[in-house]
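Colleague: I'd like to learn how to read a model like this one. Could you take me through it, starting with the general idea each time?

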Amino acid sequence: MTQVHQLFQLQKLDTEIDDKKKRLGDVLRAQKEPPALVAARQRAETAAAELQKWQAQHQNLTLEVGSVTTKAKNSESRLYSGKVTNTKELADLQQEIDSLGRRKAVLEDEVLEALVMVEDAQTEKTAADEALATAAAQWEKTSAHLKTEQNELALNLHKLMQTRQNKAAAIDAASLEEYDQLRKQKHGLAVVGLQVNMCLGCRTTVSANKVKEVDEGLKVYCGGCGRLLAAL
Ligand SMILES: [Zn+2]
C-alpha cells in the first residue's frame with residue numbers, strides 16, 4: 001500500500017469521525033427539554049405552590065375560628081357563672097363576647113373564601129399535572145430515540161478512533177504532520193479521490209501527466225484546491 005493510499009484511508013476515517021462527532025453534538029443538543037415541557041413543568045409547580053398556600057391559609061383561618069370560639073365560650077361561662085357581680089366587669093365581658101362574635105363571623109367568611117380558592121387551586125393543579133404528564137410522555141418517546149442514537153454514536157466513535165490510531169501509527173510523522181496541516185487549511189479534507197481525471201475535492205480537471213503520477217502512487221496535489229490526490 002502506498003503512503004498516499006494510507007493517507008487516503010486515514011482521510012476517510014477522519015471524515016467519518018468528523019461527521020459522527022457533529023451528529024453527536026446535534027443529538028446532545030436535541031435532548032434539551034423542549035420549551036413546551038419546561039412551561040408545563042413550571043405551570044404544575046406554580047399550581048402546587050398555589051394549592052399549598054390556600055390549604056395553609058384555610059387551615060390557619062379554621063384554627064383561628066376555633067380559638068375565637070373557645071375564647072367566647074370561656075367568656076360566656078364566666079358571664080353566666082354567677083361569680084361575676086361587678087357591673088363594669090359584666091359589661092366588659094358582654095362587650096368582649098360581642099366583639100368575638102363579630103370577629104368569628106368575619107373569619108368564617110374568610111374560611112369559606114379560602115375553601116373556594118382551595119377548590120380552584122385543586123382544579124388547576126389537576127389540569128396542570130395532566131398536561132405535564134402528557135408533555136413528559138411525549139418527550140420521553142422522542143428522547144428515547146435520541147438516547148439510543150447517542151449511545152450508538154459514542155460506541156461507533158470509540159471504535160473509529162481506535163482504528164484511526166492504528167492506521168496513523170503506520171504512517172511516518174512528517175507525512176502525518178503535513179496531512180494534519182492540510183486538513184486544517186482545507187476544511188477537514190486533505191486527501192481526495194481522483195475520478196478518472198477529475199478532482200473530487202473541487203471538480204477541477206487534472207492533467208494526464210498528474211493522473212499518471214497519481215496512478216503510480218506519487219504525491220500529487222490538485223492545482224485547483226491544493227489537496228492531495230489519491231486513486232479511487
Ligand atoms: Zn481539487
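Modeller: Helices (H or I, at least four residues) and strands (E, at least two) are DSSP runs, numbered from the N terminus. This is a predicted model, where local features need pLDDT of at least 70, side-chain atom pairs count only at pLDDT 80 or more, and totals for chains, interfaces and linings use all residues. Residues are numbered from 1 along each chain as its sequence is written, and side-chain values use heavy atoms, with hydrogens and water left out.

Colleague: Where does Gln31 lie, then?

Modeller: Gln31 sits in the loop between α1 (3-30) and α2 (35-79).

Colleague: And which residues does Gln31 touch?

Modeller: A contact means heavy atoms within 4.5 Å. Leaving out residues up to four places away in sequence, Gln31 touches Trp139, Leu146, Lys147 and Gln150. Its C-alpha is also 6.1 Å from that of Ser143, 112 residues apart along the chain.

Colleague: What joins the side chains of Gln31 and Gln150?

Modeller: A polar contact of 2.7 Å. That term means a pair of N or O atoms within 3.5 Å; within protein, one must be able to donate a hydrogen and the other to accept it, and residues adjacent in sequence count only if both atoms are side-chain atoms.

Colleague: Zooming out, what pattern does the protein chain follow?

Modeller: The order is α-α-α-α-β-β-α-β-β. With a radius of gyration (over C-alpha atoms) of 41 Å, well over the 17 Å from the globule rule for 232 residues (2.2 Å times the number of residues to the power 0.38), the protein chain is more spread out than a compact globule. Its C-alpha trace spans about 130 × 30 × 25 Å along the principal axes.
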